[in-house]
Amino acid sequence: MAVETHLPYDKQYVTEYSEKRNEPAWFKDIRLKAFDLAEELPMPKLEKTRIRNWNFTNFKHDVAGNHIESFDELPEKIRVLLGEGVEDRNLIVVRNSDVAYAKLSENLKGKGVIFEDIFTAMEEHSDLVQKYFMQDGVSVDENKLTARHAALLNSGVFLYVPKNVVVDEPIQVVFWQEDNEAALYNHVLLVADQHSQVTYVENYVSNNEEEETVANTVSEVFALDGAKVSYGAVDNFAKGTTSYVNRRGTVGRDATLEWALGQMNDGNTISENITNLMGDNSLSHAKAVTVGRGNQSQDFTANIRHYGKASEGYILQHGVMKDRAASIFNGIGKVENGAAQSNAEQESRVLMLSDGARGDANPILLIDEDDVTAGHAASVGRVDPLQLFYLMSRGISRKEAERLVIHGFLDPVVREIPIETVQTQLREVIEGKVY
Amino acid sequence: MAGSTLEIKDLHVEIEGEEILKGVNLTINGGEFHAVMGPNGTGKSTLASAIMGHPKYEVTKGQVLLDGEDVLEMEVDERAQAGLFLAMQYPSEISGVTNSDFLRSSINAQREEGDEIPLMQFIKEMDATMDSLEIDKNMAQRYLNEGFSGGEKKRNEILQLMMLKPAIGVLDEIDSGLDIDALKVVSQGINQMRDDKFGCLIITHYQRLLDYITPDHVHVMMQGRVVKSGGPELAHRLEAEGYDWIKEELGIDDETVGQKA
Ligand SMILES: Nc1ncnc2c1ncn2[C@@H]1O[C@H](COP(=O)(O)OP(=O)(O)OP(=O)(O)O)[C@@H](O)[C@H]1O
Ligand SMILES: [Mg+2]
């Protein structure tokens with residue numbers, strides 16, 4: 001099958017799109033430069049996953065979405081994820097490329113918290129957005145997909161928590177691709193200023209079983225000195241969506257960034273999660289669980305880079321592969337020269353449930369500093385037939401036994417996740433993918 | 001009706017192409033306790049595993065019937081639902097699945113959908129049974145058998161036996177790894193199951209266990225067959241004299257399954 005590798009949109013289109021959105025000049029400029037870069041730059045380099053035949057170009061770019069008057073208008077899948085008591089939540093629902101619902105409590109507004117869709121934020125807080133947008137986190141010119149991301153950005157949120165402000169309630173966003181062909185070029189920019197604290201939870205949802213489209217999402221998270229950020233995500237794109245997910249953290253002195261990622265897409269996925277521990281005593285946990293099924297192929301990278309002294313990075317990822325699903329789990333701990341007394345640990349475990357499933361774990365430690373602690377554990381294995389025999393010998397059906405083994409395999413990660421909302425969502429989504 | 005009947009007829013079992021069981025015959029009626037003894041490597045665990053449907057063992061000949069129903073045609077879970085239970089010599093460890101969730105799933109698997117055991121009733125029964133087996137309450141929330149000591153695993157098997165209340169229990173070396181006090185506690189548990197319906201096949205090397213649980217019948221396995229059967233006195237004689245006299249009586253040189261009789 002010959003796959004179209006050129007975008008169906010030209011520079012003229014990008015210019016008009018930006019003007020229609022009334023974007024500030026600096027951002028229009030980024031878009032246009034990015035458009036040219038996207039033509040030249042190569043695709044991301046993946047050691048072990050072949051993406052040549054993946055769809056990155058067949059999609060609709062500009063699809064509107066209506067406001068919702070009531071949460072009953074949301075599909076079941078989203079209502080389950082949101083759970084009870086939505087009305088009081090600090091929540092944005094993005095529907096295709098528009099905001100369907102947005103709420104931030106007066107209390108948080110009063111404290112100076114900004115929580116807006118990215119286009120509004122560019123209008124109202126242009127300088128602040130410009131300072132962080134694709135500068136020190138993800139760069140436009142990393143590869144063809146980061147460049148396309150900047151050129152075609154059509155959705156996103158901006159969350160800013162001022163100095164010393166502690167946000168107790170989780171801030172939530174749902175990105176809902178209601179249109180089965182609508183692409184999501186989505187940018188999340190989260191800045192937690194010094195000594196602030198916030199928990200952010202996002203969900204991506206689509207239903208395109210047959211129709212093809214693309215998701216290209218970039219998150220940039222800044223935990224400035226002394227800040228604490230918990231970033232939870234449950235990705236849930238349907239089979240037809242090819243996803244490029246790039247989540248990047250920058251962590252200052254005495255700051256903490258906790259990632260809790262449920263990588264539950266049903267389509268082909270590249271997911272890269274890099275955290276730069278810049279400050280002394282910075283800390284990051286990157287926890288991720290995955291269930292692969294059908295024919296999907298996925299490539300996951302969890303990478304923590306230590307620059308600050310006594311920085312600590314812990315990667316923990318567990319994946320279950322069913323059917324003919326294939327996944328690569330790269331775990332990278334990199335300790336730069338000078339990051340003395342740092343600790344880089346990682347654990348990747350993959351369980352394959354069927355003969356056709358494939359999994360691979362690549363633990364990598366790159367250490368340019370003598371005074372460090374580092375360790376890795378990795379395992380890839382098939383489900384133990386004796387375990388299934390044992391469970392079934394108590395009357396439990398094969399399906400139920402497999403369900404128990406899958407939940408059991410993922411639970412050591414799920415139960416470590418510090419955000420309750422994400423734990424609940426994950427158990428729900430895992431349950432849905434087990435059968 | 002006085003319980004169920006398990007009939008094993010001329011059972012031949014292979015593992016990886018090698019014949020291990022070479023024609024076992026045994027009938028266990030409800031209400032009866034049978035002990036199976038025999039030296040190491042004579043096919044006792046193979047018999048137990050084959051009855052339950054262990055994936056590695058291939059039955060090449062013979063029959064296993066539960067109340068006339070062909071057990072060998074059943075999936076492993078169907079065998080359990082039909083009333084069979086195997087306490088394993090080496091129970092699997094299953095990470096991430098708590099002991100209590102597993103037990104509840106097992107109990108519910110034997111009940112109709114919509115008729116699941118109420119949570120409170122389950123907890124009460126589990127607590128009481130754990131108490132009677134002197135199992136630490138923490139074990140309920142620990143992952144299934146993970147990091148359990150040898151003796152803890154065995155008690156956990158009996159906990160399952162007592163909660164699932166099967167028609168026929170097969171207990172493979174339930175006494176190995178138990179200290180003297182635990183042996184007493186576990187035996188009491190098994191004896192509690194004893195009524196005119198419950199049938200039990202107890203595989204053991206030691207008279208010790210049979211001091212607590214008096215069997216109605218005792219069988220000796222050698223070379224993948226039952227070579228001698230008798231009453232409780234047979235176990236006493238084995239305890240006192242070992243197996244040599246049987247081998248002499250039957251002209252057996254090497255009792256393991258590798259040898260042709
Ligand atoms: N995977 C295997 N491949 C080949 N032979 C096997 C395998 N598993 C078991 N056997 C053999 O089958 C024979 C019977 O084993 P079994 O476990 O039934 O003995 P047992 O009577 O239960 O012994 P013990 O008293 O030591 O528990 C042994 O000789 C054993 O080595
Ligand atoms: Mg044995």
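Colleague: Two strands pair if DSSP finds at least two bridges between them, so in what order do the four strands of the open sheet in chain B come?

Modeller: This is a predicted model, and in it those four strands of chain B follow the order 2-1-4-5, with antiparallel pairing. Strand 2 (18–29) and strand 5 (69–70) of chain B form the edges, each of them pairing on one side only.

Colleague: How many bridges join strand 1 to strand 4 of chain B?

Modeller: Eight bridges link strand 1 (residues 5–15) of chain B with strand 4 (residues 57–66) of chain B, and the two run antiparallel.

Colleague: Which residue does E16(B) meet in a salt bridge?

Modeller: The partner of E16(B) is K56(B), with 3.3 Å from N to O. The two come from distant parts of the chain, 40 residues apart: E16(B) sits in the loop between strand 1 and strand 2 of chain B, while K56(B) sits in the loop between helix 1 and strand 4 of chain B. Over all chains, the salt bridges number 38 by the rule used here.

Colleague: Switching to the six-stranded sheet of chain B, is its pairing parallel, antiparallel or mixed?

Modeller: The pairing is mixed, and the open sheet has the order 6-9-10-3-11-12 in chain B. Its edge strands are strand 6 (84–87) and strand 12 (225–230) of chain B, each pairing on one side only, and neighbouring strands of this sheet are turned by 20° against each other on average, direction ignored.

Colleague: What happens around strand 6 of chain B, and how does it run relative to strand 9?

Modeller: Strand 6 of chain B runs parallel to strand 9 (residues 168–172) of chain B, and four bridges join them. L84(B) stands opposite I168(B) in strand 9 of chain B. Helix 5 (residues 150–164) of chain B lies across both strand 6 and strand 9 of chain B, running at about 165° to strand 6 of chain B.

Colleague: Now the two chains together: how many residues of each are in contact?

Modeller: On the side of chain A there are 20 residues in contact with 33 residues of chain B. The area buried between chain A and chain B is about 2,000 Å², and carbon and sulfur atoms give 65% of it. In chain A, the residues that lose the most area to chain B are F389(A), Y390(A) and R394(A), together 40% of what that side buries.

Colleague: Which residue forms a salt bridge with R394(A)?

Modeller: That residue is E157(B), and the closest N and O atoms of the pair are 2.7 Å apart; across the interface of chain A and chain B the rule finds one salt bridge. Polar contacts between chain A and chain B come to 12 residue pairs, both residues being at pLDDT 80 or more.

Colleague: And which elements of chain A give two or more residues to that side?

Modeller: They are helix 8 (385–392) and helix 9 (398–414) of chain A. The residues on the side of chain A that touches chain B comprise 10 nonpolar, five polar and five charged.

Key:
Residues are numbered from 1 along each chain as its sequence is written. Chains are lettered from A and ligands numbered from 1 in the order in which they are written. This is a predicted model: local features need pLDDT of at least 70, side-chain atom pairs count only at pLDDT 80 or more; totals for chains, interfaces and linings use all residues. Side-chain values use heavy atoms; hydrogens and water are left out. Contact means heavy atoms within 4.5 Å. Buried area is the accessible area (1.4 Å probe) that two parts lose on being put together, summed over both. A salt bridge is a side-chain nitrogen of Lys or Arg within 4 Å of a carboxyl oxygen of Asp or Glu. A polar contact is a pair of N or O atoms within 3.5 Å; within protein, one must be able to donate a hydrogen and the other to accept it, and residues adjacent in sequence count only if both atoms are side-chain atoms. Ala, Val, Leu, Ile, Met, Phe, Trp, Tyr, Cys and Pro count as nonpolar, Asp, Glu, Lys and Arg as charged, and the others, Gly among them, as polar. Two strands pair if DSSP finds at least two bridges between them. Axes are lines fitted to C-alpha atoms, for helices over the stretch in contact, and angles run from 0 to 180 degrees between N-to-C directions.
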